[in-house]
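Subject: Structure handover

Hello,

I am handing over the structure we spoke about. Please look it over first; my notes follow below.

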Amino acid sequence: MRALLATDDLARLDLQTAGVGDSVSAALSRLDLPDAPRVLELGCGTGVLTAELLRALPAAVVDAVDQDRQALQTAAERVDGAVSWHWSTAGDHLRAYSDYHLVICRLFLMHQPAPAALMRTARRSLAVGGALVAIEFDLGAALWHPTCPSLERVLRAAGDCTARARDAGIAVPDPFLGRQLVSLARRSGYDRWHVQAVSRTVTADSGEQVDREARNLLGVLAMVQPLLLATGDATGEDFDAVTELVHGWSDSPDFFSLQTMLTLVATLDRQRS
Ligand SMILES: C[S@@+](CC[C@H](N)C(=O)[O-])C[C@H]1O[C@@H](n2cnc3c(N)ncnc32)[C@H](O)[C@@H]1O
């Protein structure tokens with residue numbers, strides 16, 4: 001069986017940049033932030049979101065946190081602006097710092113074993129009237145054409161298996177987190193919440209983007225591949241068929257994909273009852 005993905009995790013983050021600016025502006029348009037807000041970014045990775053934040057809020061005072069030292073170093077080298085970089089877990093940082101007007105994260109909650117607990121801790125680090133913004137995706141809100149039965153099978157199995165594994169306390173990323181954002185906001189004690197979607201399509205005439213879509217999907221599936229093979233919910237032949245299908249996309253004149261990012265804006269009232 002072929003390995004699904006040749007790129008490493010840090011390289012994969014660079015495949016997931018499309019539409020970040022749209023998600024950030026959609027979220028910020030719902031907030032009434034001060035001129036120089038105190039902002040905390042959780043799980044900043046290589047700084048894709050940090051750069052957009054600084055573009056949208058040039059006067060912001062930004063703390064960016066990641067537990068991966070190499071990612072943090074890459075971010076610090078590539079992002080030009082006033083950011084304090086913190087090598088820490090999100091939980092430790094949130095327990096030590098407070099009074100943020102905005103806590104923001106992207107493709108981060110899906111990696112947390114207990115996202116509601118993390119969001120509760122983030123709530124306590126917010127200033128009065130502050131906001132949490134979480135940008136996540138959901139594999140069920142994506143379409144690809146051409147497809148094949150193995151891809152459909154692997155996607156279905158990914159949902160069943162990750163839900164079962166997480167219920168059993170096994171730490172695996174949750175590629176279906178987007179649909180849970182409302183429930184997570186309610187359970188973690190915010191006063192108001194809103195989820196909005198930013199979608200984009202890629203077709204054969206989008207050039208290099210087809211290849212990025214292909215590599216990104218393989219990267220996401222690589223996260224759940226060991227689990228699906230271990231449980232027997234998908235087979236090596238399924239993954240081979242998916243790899244072959246995806247590699248053929250860049251030559252297909254009919255290629256179409258739809259990707260949707262979901263953005264939660266969860267706020268605290270200025271006067272809490
Ligand atoms: C998928 S990446 C997303 C990076 C970035 N937010 C982006 O949009 O490109 C997730 C990042 O969160 C970091 N991370 C995951 N859990 C963490 C935690 N509990 N504390 C700190 N960083 C965490 C990982 O090290 C990784 O860099």
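Which of the 17 residues around the ligand come nearest? In this predicted model, the answer is G43, G45, D68, A90 and R106. Two elements, α3 (48–56) and β2 (61–66), each give two or more residues to the shell around the ligand. Sorted by class, that shell holds nine nonpolar, five polar and three charged residues.

Overall fold

The chain contains 10 helices and eight strands. Its radius of gyration is 19 Å, close to the 19 Å that the globule rule gives for 273 residues, so the chain is as compact as a globular protein of that length. Along the principal axes, the C-alpha atoms fill a box of roughly 55 × 40 × 30 Å. Of the 273 residues, 41% are buried. Among contacts with a separation of 6 or more, 78% are between residues 24 or more positions apart.

In soluble globular proteins, nonpolar side chains tend to be buried together. Here the largest nonpolar core has 51 residues, and V39, V103, I104, L132, V133 and A134 have the most contacts inside it. Strand β5 (residues 126–137) supplies the largest share of this core, seven residues. There is also a second, separate core of 21 residues, which includes L139, A214, A234 and F239.

V39 touches, beyond its neighbours up to four places away in sequence, L53, L57, A60, V61, V62, Y100, H101, L102 and I104. β1 pairs with β2 in the parallel sense over five bridges, and E41 has A64 in β2 as its bridge partner.

β2 is one of the elements that α3 packs against. The buried residues of α3 are L49, T50, A51, E52 and L53. Besides β2, they pack against α2 (20–28), β1, α4 (69–78), β3 (83–87) and β4 (100–106).

What does β8 pair with? With β5 it runs antiparallel, joined by seven bridges; I135 stands opposite T263 in β8. Strand β6 (residues 143–145) pairs with β8 in the antiparallel sense over three bridges, and W144 stands opposite S257. Strand β7 (residues 192–203) is joined to β8 by 12 bridges, again antiparallel, with L258 in β8 as the bridge partner of T201. β8 is mostly covered, since nine of its 12 residues are buried.

L264 is located in strand β8 (residues 256–267). Is L264 buried or exposed? L264 has 25 other C-beta atoms within 10 Å, and the cut-off for burial is 20 or more, so L264 counts as buried. Leaving aside neighbours within four places in sequence, L264 is in contact with V133, A134, L181, A185, W193 and V195. V133 and A134 are also among the residues with the most contacts inside the largest nonpolar core. The C-alpha atoms of L264 and G178 are separated by 8.8 Å, although the two residues are 86 apart along the chain.

Regards

Technical notes
Residues are numbered from 1 along each chain as its sequence is written. This is a predicted model: local features need pLDDT of at least 70, side-chain atom pairs count only at pLDDT 80 or more; totals for chains, interfaces and linings use all residues. A residue is near a molecule or strand if its C-beta atom, placed from the backbone, lies within 6 Å of it. Helices (H or I, at least four residues) and strands (E, at least two) are DSSP runs, numbered from the N terminus. Ala, Val, Leu, Ile, Met, Phe, Trp, Tyr, Cys and Pro count as nonpolar, Asp, Glu, Lys and Arg as charged, and the others, Gly among them, as polar. A nonpolar core is a set of buried Ala, Val, Leu, Ile, Met, Phe, Trp, Tyr and Cys residues joined through C-beta atoms within 7 Å. Two residues are in contact if their C-beta atoms, placed from the backbone, lie within 7 Å. The radius of gyration is taken over C-alpha atoms; the globule rule is 2.2 Å times the number of residues to the power 0.38. Two strands pair if DSSP finds at least two bridges between them.
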